[in-house]
Amino acid sequence: MNAAEELVEIVLPGKVEPEGLRVRHGAVPAAGPGQVLIRMEATGVSFAEQQMRRGRYYDQPPFPFVPGYDLVGTVLATGEGVAAELAGARVAALVKVGAWASHVVVDAADAVPVPDGIDPAEAETLVVSGITAWQMLNRKARVRAGQTVLVHGANSGVGSILVQLARAAGVRVIGTASVRHHDALREQGVTPVDYRTGDVAARVRELAPRGVDAVFDHVGGRGIVDSWNLLAPGGTLVSYGTASTRDDEGSRQWPVLKLLGRLWLWNALPNRRRALFFNVWAGRALSKNRFRARLRADLTELFAALQRGDVTPRIAARYPLAEVADALRLAESGTVAGKVVLNP
């Protein structure tokens, strides 16, 4: 490690506008036992950080803290008990907070190898968004070739990867998005539906009269009822957020608890359909080793899909870490397709 290197990190001091984020400088941390020190090459702006800025992410830490859900970078140093040859390797890590920094320390067991030849920013788009898409499609809904699915926000970071994975698996996709994204979706073989005008549920019923086999819904709110009612017998609703409550005031837990209660009630009824809530961190508290093994296996599959061309990373924009306010504003504007990426 260059002796002149210093730590640069972005601090979220409280509920602030994007311009209220602070840049903090300090000493580069050391890797402790079982840890690695990673020099960040790419991190991203996800919906989680947008919620955290408003103090509305379900289990965010108390202010102040360094946001950043995931990162890709190079291992600079290894701690005691970690193979020294890991130094110099490019890895990805899912961390929930702390990745908006030039240097990040993580447990070595949480660092997943990134194959040679993959651009760090492209790899970054597959960490939180790709894992979410992959696990919802393959581990939760277990969608098969020939089935039909509805993806809300088909142009979003998660939605764009979900669409590509589904199409590569031979699945028919109906995707909601604003009109400016429809041509790009059609090019991917997706049937687009404008969520801003008309009755989305009625349009989806026209396209899939018997219902759809799965719905992937990050919106929550009252629209979740339509998502449930659009399911065919044997279908699965996978809910993975409450974006409709982003700007609400009051308890940040209540929208999630209300949603979970509704899903539980639907599952309790004899209706031949399933309703699930997806949380990328589910199972980690019960078995950290199992969680890590599953994450490593799924991320490895995603990198292979990228190398095969099944997935083309959607990078909306790249910003230097110090320009995070502009990056966050763009990500929150709802005008971009794909991921806003931060580089050192």
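This is a predicted model: local features need pLDDT of at least 70, side-chain atom pairs count only at pLDDT 80 or more; totals for chains, interfaces and linings use all residues.
Reader: Fine. At what angle do helix 3 and helix 4 pack?
Author: About 45°. Their axes are 8 Å apart. Helix 3 covers residues 128-140, and helix 4 covers residues 157-168.

Reader: Is the crossing of helix 3 and helix 4 left-handed or right-handed?
Author: Right-handed.

Reader: Which residues make that contact?
Author: Helix 3 brings Ser129, Gly130, Thr132, Ala133, Trp134, Met136 and Leu137. Helix 4 brings Gly157, Val158, Ile161, Leu162, Leu165 and Ala166.

Reader: How many of the contact residues are nonpolar, polar or charged?
Author: The contact of helix 3 with helix 4 has 9 nonpolar residues and 4 polar ones. No charged residue takes part.

Reader: How many residues of helix 3 are buried?
Author: 10 of 13, so helix 3 is largely enclosed by the rest of the structure. The buried set is Val128, Ser129, Gly130, Ile131, Thr132, Ala133, Trp134, Gln135, Met136 and Leu137.

Reader: What follows helix 3?
Author: Arg142 follows helix 3, and has a positive phi. The value is about 50°, although Arg142 is not a glycine. Arg142 sits in the loop between helix 3 and strand 8 (148-151).

Reader: Is Arg142 buried or exposed?
Author: Exposed. Its relative accessible area is 54%.

Reader: What about Arg272? What is its phi?
Author: Near 60°. That is again a positive value in a residue other than glycine. Arg272 lies in the loop between helix 8 (254-268) and strand 13 (274-277). Arg272 is exposed, at 67% relative accessible area.

Reader: Another arginine, then. Where is Arg54?
Author: In the loop between helix 1 and strand 4. Arg54 is buried, with a relative accessible area of 16%.

Reader: Which backbone oxygen does the Arg54 side chain reach?
Author: That of Gln50, at 2.9 Å.

Reader: Switching topic. Where is Asp110?
Author: In the loop between strand 6 (103-107) and strand 7 (112-113). Asp110 counts as buried, at 13% relative accessibility.

Reader: Which side chain does Asp110 make a polar contact with?
Author: The side chain of Arg284, at 3.5 Å.

Reader: And which residues is Asp110 in contact with, leaving aside neighbours within four places in sequence?
Author: Ala92, Ala93, Arg284 and Arg292.

Reader: Last one. Where is Ala293?
Author: In helix 9, residues 288-308. Ala293 counts as partly exposed, at 47% relative accessibility.

Reader: How many residues lie between Ala293 and Val66 in sequence, and what is the distance in space?
Author: Ala293 and Val66 are 227 residues apart in sequence. In space they are 26 Å apart, C-alpha to C-alpha.

Key:
Residues are numbered from 1 along each chain as its sequence is written. Side-chain values use heavy atoms; hydrogens and water are left out. Axes are lines fitted to C-alpha atoms, for helices over the stretch in contact, and angles run from 0 to 180 degrees between N-to-C directions. Helices (H or I, at least four residues) and strands (E, at least two) are DSSP runs, numbered from the N terminus. A crossing is left-handed if the near helix is turned anticlockwise from the far one by less than a right angle, and right-handed if clockwise. Contact means heavy atoms within 4.5 Å. Ala, Val, Leu, Ile, Met, Phe, Trp, Tyr, Cys and Pro count as nonpolar, Asp, Glu, Lys and Arg as charged, and the others, Gly among them, as polar. Buried means under 20% relative accessible area, exposed over 50%, partly exposed in between (1.4 Å probe, protein chains only). A polar contact is a pair of N or O atoms within 3.5 Å; within protein, one must be able to donate a hydrogen and the other to accept it, and residues adjacent in sequence count only if both atoms are side-chain atoms.
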